[in-house]
Amino acid sequence: TNCIFQTWEINDSEKAFTELIEILENTPRIEIIKKDKNYIHAIATSRIMKFIDDLEIKNLYKDNRFQVKSSSRLGIYDLGVNKRRVQTLRFRLIDIYN
């Protein structure tokens, strides 16, 4: 209840991965702490309580898919914050292609 994991199918995973990095870099309270050719690890800090959540994205180039995981470091329930974060990232990525 404090984590979400999704697999996204993407048409051009290399281009989408670059766009996703740009989205994360321009999102308030999200900091990329590790970035490789096919992996991103970022942390998201909540506005008021300053809780830290981990956001991990793996690009599966061969399958044109992303594996996306967002999870809270503390607690057993996140009030749906991680699910909303992942959905928002997905919608922002979709908006770039439309």
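# Notebook: a core, its rings and a pocket

I opened with Phe66, and at 0% relative accessibility this residue counts as buried. A reminder to myself before going on: this is a predicted model.

**Entry 1: the rings around Phe66**

I looked up ring partners next. Phe17 and Phe66 make an edge-to-face aromatic pair, with 5.8 Å from centre to centre and 65 degrees between the planes. Phe17 sits in helix α1 and Phe66 in strand β5, so this pair ties together parts that are 49 residues apart in sequence.

How many aromatic pairs does the count come to? I got two aromatic pairs. In the pair of Trp8 and Phe66, the ring centres are 6.4 Å apart and the planes stand at 50 degrees, so I noted this pair as tilted. Trp8 belongs to strand β1 and Phe66 to strand β5, so the pair ties together parts that are 58 residues apart in sequence. Trp8 is buried as well, with a relative accessible area of 2%. Put together, ring pairs link Trp8, Phe17 and Phe66 into a cluster.

**Entry 2: the nonpolar core**

I then asked what surrounds these rings. In soluble globular proteins, nonpolar side chains tend to be buried together. Here the largest nonpolar core has 20 residues. Which residues have the most contacts inside this core? I wrote down Trp8, Ile57 and Phe66. The elements that each supply at least two residues are β1 (3–9), α1 (13–25), β3, β4, β5 (65–72) and α2. Of these, α1 gives the most to the core, with six residues.

Leaving out residues up to four places away in sequence, Ile57 touches Phe17, Leu20, Leu24, Asn38, Tyr39, Ile40, Phe66, Gln67 and Val68.

Is Ile40 buried or exposed? Ile40 is buried, at a relative accessible area of 1%. Again leaving out residues up to four places away in sequence, Ile40 touches Phe17, Ile21, Leu24, Ile32, Lys34, Leu55, Glu56 and Ile57. I also took one distance: from Ile40 to Asn26 I get 15 Å, C-alpha to C-alpha, for residues 14 apart in sequence.

With a relative accessible area of 2%, Asn59 is buried. Which residues does Asn59 touch, not counting residues up to four places away in sequence? I listed Ser13, Glu14, Phe17, Asn38, Arg65 and Phe66. Phe66, where I began, is therefore a buried contact of a buried Asn59.

**Entry 3: the largest pocket**

I moved on to the pockets. The largest pocket has a volume of about 710 Å³. Its lining counts 27 residues, and Thr45, Ser46, Asp53, Val81 and Arg85 lie nearest the centre. The elements giving two or more residues to this lining are β3 (39–45), β4 (52–60) and α2 (81–97). Which element gives the largest share? I found α2 at the top, with six residues. Sorted by class, the lining has 11 nonpolar, seven polar and nine charged residues.

**Entry 4: two loop residues**

Last, I looked up backbone angles in the loops. Arg29 has a phi near 65 degrees, a positive value in a residue other than glycine. I placed Arg29 in the loop between α1 and β2 (30–35). Arg29 is partly exposed, with a relative accessible area of 40%.

Leu79 has a phi near 60 degrees, also a positive value in a residue other than glycine. This residue lies in the loop between β5 and α2. Is Leu79 buried or exposed? Leu79 is exposed, because a relative accessible area of 62% is over the 50% cut-off.

Technical notes. Residues numbered from 1 in each chain as written. Predicted model: local features only at pLDDT ≥ 70, side-chain atom pairs only at ≥ 80, totals over all residues. Heavy atoms only, no water. 1 Å grid on protein atoms, 1.4 Å probe; cavity = no way out; pocket = protein on both sides within 12 Å on 5 of 7 lines; lining within 4 Å. Points joined across faces, edges and corners; volume = space filled by probe spheres on them. Helix = DSSP H or I, 4+ residues; strand = E, 2+ residues; numbered from the N terminus. Nonpolar A, V, L, I, M, F, W, Y, C, P; charged D, E, K, R; others polar. Buried < 20%, exposed > 50% of the residue type's maximum accessible area, 1.4 Å probe, protein only. Contact = heavy atoms within 4.5 Å. Core = buried A, V, L, I, M, F, W, Y, C linked by side-chain atoms within 4.5 Å. Phe/Tyr/Trp six-rings, centres within 6.5 Å; stacked < 30°, edge-to-face > 60°.
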